[in-house]
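Dear colleague,

I am handing over the structure below, followed by some notes on what was found in it. Please keep it open beside you while you read.

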Amino acid sequence: MAENGHPTLGIGMVGYSFMGAAHSQGWRTAPRFFDLPLAPEMRVLAGRNTAAVTAAAHKLGWDDVETDWRKLVARDDVDLVDICTPGDTHAEIAIAALEAGKHVLCEKPLANTVAEAELMVAAAEAAAARGVLSTVGFTYRRVPAVQLARQLVADGRIGTIRHVRAQYLQDWIADENVPLSWRLDKTKAGSGALGDIGAHIIDLAQFITGESITGVSGILETFVDERPIATDFSGLSGTGGTEKGPVTVDDAAVFLARLTGGGLGVFEATRFAYGRKNAIRLEINGSRGSVAFDFEDMNVLHFFDASDDAQVAGFRRIVVTEPQHAYIASWWPAGHGLGYEHAFTHQAVDLVRDVAAGTQPTPSFADGLAVQRILEAVERSAASDSDWQQI
């Protein structure tokens, strides 16, 4: 039992770089701001380099380390495995953990291929029958303004969905001298901007609208074919040497889409948009109004109600920091905004509560597979002169 009298939930995490740090922040903070039925304990961190994983564990708050993820999965003090590694390792680690009776949180995209994702879903379904749960980390779902957008759409406030406009814009590799990282290697990442950030706006569009994408037509582009090989790399930044290596993923992705309700979608993902650091922009237009969101102003949702008198009609700027908004009551007084890291805390909170209740967490591995099918369809379309691809 933990000090608060709640049973514990032992967490083991594989990977400790950018996402590992963000997930660690979530696990550390969740029980300090939210009343949880289980007390998450950061038991062990796994990484291949002994010195590096030991330093990361000390910095991030983990009790112990392993240099082989298989040993982490086998430990009796680990109840849940959190996977924060490149996509090429997700399937092997997740399936092994589920078969070992461990709950699993896996970073997005779920896998590098549909075939891998299908194997993961099969393992998750078999594990669920034994009470072992799994989820995929589409963390932006847990931004309070996104939750409000979904609620407004579900309540019929914008009517029938007609348009979805979704962008994810970054600029961290816009400079052609930025060195290679695993995110630019197709064997490790699966795809580039399409899977790394495009997956997020696909999931958000489907989450907010409650509809699915049924077909796509896409274009992929690689603007810089080779880059300096990194001599060191941390997070999204590194130092390049004199030798160069090939970029084997897309730098940008653009695609059109059709939704189940008949609405049209336009999606854009790029890491070459100078001046845009983490601009996740969604605007959804319906028969009764619109909602609009930009993560670079993440505490605000814009809502247009077409029934307003024309003399005063306009987008309503809603500061989503009231206690009535999702998650907010556990944080600060109204108007004291949240940041990027808070969604990872919300992810940990929701997962702990689901595990305690024996409830299937969302998004599920099946949801992750659905996104993977769309990513693959965009790639097929781009490879065949943007031919329309049914999902």
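Serine 217 is buried, with a relative accessible area of 15%, where buried means under 20% relative accessible area, exposed over 50% and partly exposed in between, using a 1.4 Å probe and protein chains only. Please note that this is a predicted model, in which local features need pLDDT of at least 70 and side-chain atom pairs count only at pLDDT 80 or more, while totals for chains, interfaces and linings use all residues. Residues are numbered from 1 along each chain as its sequence is written, and side-chain values use heavy atoms, with hydrogens and water left out.

You will find serine 217 in strand E8, residues 213-221; helices (H or I, at least four residues) and strands (E, at least two) are DSSP runs, numbered from the N terminus. The side chain of serine 217 reaches the backbone oxygen of serine 386 at 2.6 Å. Contact means heavy atoms within 4.5 Å, and, leaving aside neighbours within four places in sequence, serine 217 is in contact with residues including Val254, Phe255, Ser386 and Trp388.

Lysine 108 sits in the loop between strand E5 (103-107) and helix H5 (114-128), and lysine 108 counts as buried because its relative accessibility is 10%. Its side chain reaches the backbone oxygen of aspartate 196 at 2.6 Å, and, not counting residues up to four places away in sequence, lysine 108 touches His90, Val136, Gly137, Phe138, Gly195, Asp196 and His200.

Next come two helices. Helix H4 (residues 90-99) and H5 pack at an angle of about 10°, with their axes 9 Å apart, the axes being lines fitted to C-alpha atoms over the stretch in contact, and the angles running from 0 to 180 degrees between N-to-C directions. H4 is therefore roughly parallel to H5, since angles under 35 degrees count as roughly parallel, over 145 as roughly antiparallel, 65 to 115 as roughly perpendicular and the rest as oblique. Among the residues that make this contact are His90, Ala94 and Leu98 of H4, and Glu116, Met120 and Ala127 of H5.

Finally, the cysteines. A disulfide is a pair of cysteine sulfur atoms within 2.5 Å, and by this rule the count comes to 0 disulfides. The sulfur of cysteine 84 is 8.6 Å from the closest cysteine sulfur, in cysteine 106, and this is too far for a bond. Cysteine 84 is buried at 11% relative accessibility, and cysteine 106 is buried with a relative accessible area of 0%.

Methods
Polar contact = N/O pair within 3.5 Å; in protein donor to acceptor, adjacent residues only side chain to side chain.
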